Amino acid sequence: MRISLVLGSGGARGYAHIGAIEELLDRGHEIIAVAGSSMGALVGGAYAAGQLDALKQTALKLTRTDLWKMAQPSLNAPGLLRLDRVMKRLQRVVGDARIEELPIPYTAVATDLLAHREIWFHSGPLLTAIRASIAIPSVFPPVMLHGRLLVDGGVVNPLPMETSLRLDADLTVGVSLFGRERGWHPGGAIEVSSDESSNNPLNRLQERLAEVLPTAHGKIGRNGATEAPEPLPHDLDLTTMITMTLDVMNERIQSSRVAVNPPDVHVEVPARTSTLFDFDQAERIIEIGRELAAAKFDRAGL
């Protein structure tokens, strides 16, 4: 079949996109267009440029030590870490390709903070589009381009299905990275009193978030007194806070947008698969992506 493929944002979980693409190709399907936000834009761009295997081999070789070496703390800058060394590695993978010259149509999605809107890259340097799309706010510096202040595409569109509307495609396949646990469904706001406790272990990001947020401000009693908040979890650090916040934000945005424009086949990679920054776990995450895609494709008859 002719597939229009959409790859979602989600940091290191985006390695799962590699497994999903490989599974599609192994089944004999043709990907005629690819689009993505953030890590989805990176993996999709490598595939569109014919360099998916090169990206995979680079990812498989990354160690925790490599990540520390590439991390460049940035003081008094609009991002905690610079991306110079990361982009040099990516340039070795995708080269100086231009989007309009790629073998298949490609779209990268970024967010314009000044105009409060999403930006679709259909032309120009591939590396520039990827750099803008992966600029996680406060973590990596934004990109200034043609008067636009650009950050991660997942801020407004974690799974950009609108880019996949092609009349010549047989199916749209979306791979998202904020899948829910079986039996867990987000709902509206709930009231939690400060004297309630949870027996859930702090071993999953969603559970940790549920325990942290209700105690953040305490409970206002009838007499106006505020009860003291409980101690924060001992293992709650900045990285975890960033991960949890972005996971919740992206999952809720994605849910509402996909409800309006769902893919024909939706592969959902659970958020518990990894944190946003587990870039040294490529082999495991790629295999998870392949297994989840295979199961979904079997059910869909692909």
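This is a predicted model: local features need pLDDT of at least 70, side-chain atom pairs count only at pLDDT 80 or more; totals for chains, interfaces and linings use all residues.
Residues are numbered from 1 along each chain as its sequence is written, and side-chain values use heavy atoms, with hydrogens and water left out. Local features need pLDDT of at least 70 and side-chain atom pairs count only at pLDDT 80 or more, whereas totals for chains, interfaces and linings use all residues.

Helices (H or I, at least four residues) and strands (E, at least two) are DSSP runs, numbered from the N terminus. Helix α3 spans residues 52-61, and Leu52, Leu55, Lys56 and Ala59 in this helix are buried (under 20% relative accessible area, with exposed over 50% and partly exposed in between; 1.4 Å probe, protein chains only). Seen down the axis of α3, the buried residues fall within an arc of 100 degrees, so they line one face of the helix; the arc is that of the directions from the helix axis to the C-beta atoms. Their cover includes α1 (15-26), α2 (39-48), α5 (84-94) and α9 (282-300).

Glu23 belongs to helix α1 and is buried, at a relative accessible area of 10%. Leaving aside residues up to four places away in sequence, Glu23 touches Arg290, Ala293, Ala294 and Phe297 (contact means heavy atoms within 4.5 Å).

Strand β8 (residues 148-152) runs antiparallel to β5 (residues 106-112), to which three bridges join it; two strands pair if DSSP finds at least two bridges between them. Asp152 of β8 is the bridge partner of Ala110. Three bridges also join β8 to the antiparallel strand β7 (residues 143-145), with Arg148 as the partner of Leu145. In the β7 and β8 hairpin, two residues lie between the strands, and His146 takes a positive phi near 55 degrees.
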